[in-house]
Amino acid sequence: METETHSAFEEFTPVELALATRNSGLPLEALRYDVTPLGLHYLLSHFDIPYVDGGSWSLAVGGHVRSPISLGLDELKERPRVTFACTLECAGNGRARLSPRPISQPWLEEAVGTAEWTGTPLRALLEEAQVEDGAVEVLFTGLDRGIQGGIEHSYERSLQIDEAMRSEVMLAYEVNGQPLPPQHGFPLRVVVPGWYGMTHVKWLDRITVLTEPFQGYQQALQYRQKQSEEDPGVPVTRMLPRSLLIPPGMPDFPGRQRFLEPGSSMLEGRAWSGWAPVVLVEVSVDGGRSWQDAELGEAVGDFGWAPWTFHWKDVRPGEYELCSRATDGAGNVQPVEPEWNYLGHGNNPVQRVPVTVRD
C-alpha cells in the first residue's frame, strides 16, 4: 500500500489528528529535567494498548536454543537487577516538517524523553537458554496486534545476535522507580540503549532466537530510510545526533511564539546521539547563518542526553530565529536542512525557534 503524502503544514488529515490524540510528545519545557517525569515522556503505540494480567503473564524464550525458558514476572524480578537512564526518541521525530510529509504520526520535535529503567539484562537469559550455533538474530514479539499495510501481525522487531548480547540491553519492568504503566509496556519491554524507539518492543510476549534474518512487516517494510515505495532502503537503527532548545522566554497562545526581554538571555537545551557521546553543541541566533559554541554539560549516565547552555549577550529588540546543532564523537553532525525520505524516519535537522525580543 502506497504511503500518502502532503506538503508540510498543508491541512492535517483526520488520520493524523486521530494519531495525535492517541500518542503524546514531550512538552519542550520539560527538557529541564535530567530524567523526564513519566507523564511527560513521549509515547507512541502502533496498535491498541493490550490489557495484561501480570499474575498469569509469562515470557517465553525459545527458538534456536538448547534450553527454552518460561518466566513469570516475579521470577524475572528475582534475577540480577540493573537500573540506568536512557534517552528514547521516535524514529519519526520531525516528520511533520517534511515536504511532502508522509501521513503518519505528525511529530514536530517532541518525540523524545529520558527515563530511568530498571530490569534484568537480556544477555543472561540468552546464555541460560543456551543459544545454538548458527543463530543470527533475536526476535522480540509484543502482545499488541493489528493491521498495517494490509497485513495482520503482532508488533515484532529483531536485533542481530551480537547486538542483542550487548550487556546493556535490558528487559525492563520498572520505569522511574515504579512498575511499568500500561502505556509504557506493562509488564515487560525491551530497552536497547542508542537505538530509536521502534526497537524497544513493549508488552513482551516472547523472545525467539532465529537462524535467518526476520522479514516481518515492521522490519522489512517499515523503519527503513528509502526514497520511494519501491526502494528497499536501508534499516533505521541508532539515533542520529539531535539538539533541542528549551523554549526561552514566554509563549503566546495558541501559536506559542516566544517573547523575550532585551539585555541578555541564557539559552539551554539537551543533546544526544545513539552513535557516540555528543562532543559539541553550537548555537545560532540568526537562523543558521553563523554559529557559536555552547557549553556542554555532563550527560545523564552512559545512555542519557547531555545538557548545554549558551549565554546570549547584548540582545536587542527584534525578530530572531534560534537554532542549535549537535556533533557526536563518531563525526556525525546534525544537518541544518531536512534530508527527506519516503517514510520520514531518522530525520534530524536543526530545530528552529522564532523569538521576538520586545522593546
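E282 is buried at 13% relative accessible area (buried means under 20%, exposed over 50%, and partly exposed in between, computed with a 1.4 Å probe on protein chains only). The model is predicted: local features need pLDDT of at least 70, side-chain atom pairs count only at pLDDT 80 or more, and totals for chains, interfaces and linings use all residues. Residues are numbered from 1 along each chain as its sequence is written, and side-chain values use heavy atoms, with hydrogens and water left out.

**Sheet and strands**

- An open sheet of 6 strands runs in the order 16-17-24-23-19-20, with mixed pairing (strands are DSSP runs of E with at least two residues, helices are runs of H or I with at least four, and both are numbered from the N terminus; two strands pair if DSSP finds at least two bridges between them).
- Strand 16 (250–251) and strand 20 (292–293) are at the edges with a single partner strand each, so one side of each has no neighbour in the sheet.
- Strand 19 (residues 278–284) pairs with strand 23 (residues 318–328) in the antiparallel sense over 6 bridges, and V283 has S324 in strand 23 as its bridge partner.
- V357 is in strand 24 (residues 353–357) and is buried, with a relative accessible area of 3%.
- The C-alpha atom of V357 is separated by 35 Å from that of S104, 253 residues apart along the chain.
- Strand 2 (residues 58–63) and strand 3 (residues 69–72) also pair in the antiparallel sense, over 4 bridges, and form a hairpin with 5 residues between them.

**Salt bridges**

- The structure holds 18 salt bridges (a side-chain nitrogen of Lys or Arg within 4 Å of a carboxyl oxygen of Asp or Glu).
- R101 and E16 form one, with the closest N and O atoms 2.8 Å apart; the pair links R101 in strand 5 (residues 101–102) to E16 in helix 1 (residues 14–22), 85 residues apart.
- Both R101 and E16 are buried.
- R206 and E156 meet in a salt bridge at 4.0 Å, N to O, linking strand 12 (residues 204–210) to strand 8 (residues 151–160), 50 residues apart.
- R206 is partly exposed at 34% relative accessibility, whereas E156 is buried at 15%.
- R325 forms a salt bridge with E282, the closest N and O atoms being 2.8 Å apart; R325 lies in strand 23 and E282 in strand 19, so the pair ties together parts 43 residues apart in sequence.
- R325 counts as buried at 17% relative accessibility.
- A network of salt bridges links E163, R166, E168 and R238.

**D286**

- D286 sits in the loop between strand 19 and strand 20.
- D286 is buried without a salt bridge, and the nearest side chain of opposite charge, R289, is 4.5 Å away (Lys and Arg count as positive, Asp and Glu as negative, while His and the chain ends are not counted).
- The D286 side chain makes polar contacts with the side chains of S284 at 2.7 Å and S290 at 2.6 Å (a pair of N or O atoms within 3.5 Å; within protein, one must be able to donate a hydrogen and the other to accept it, and residues adjacent in sequence count only if both atoms are side-chain atoms).

**Cavity**

- There is 1 cavity of 30 Å³ or more (a set of points on a 1 Å grid over the protein atoms alone where a 1.4 Å probe fits but cannot get out; lining residues have an atom within 4 Å of a point).
- The largest cavity holds about 250 Å³ of space (points are joined across faces, edges and corners, and a volume is the space filled by probe spheres set on them).
- Of the 20 residues lining the largest cavity, L44, R189, G197, H200 and K202 are the closest to its centre.

Key:
On a 1 Å grid over the protein atoms alone, a cavity is a set of points where a 1.4 Å probe fits but cannot get out, and a pocket is an open set with protein on both sides within 12 Å along at least five of seven lines; lining residues have an atom within 4 Å of a point.
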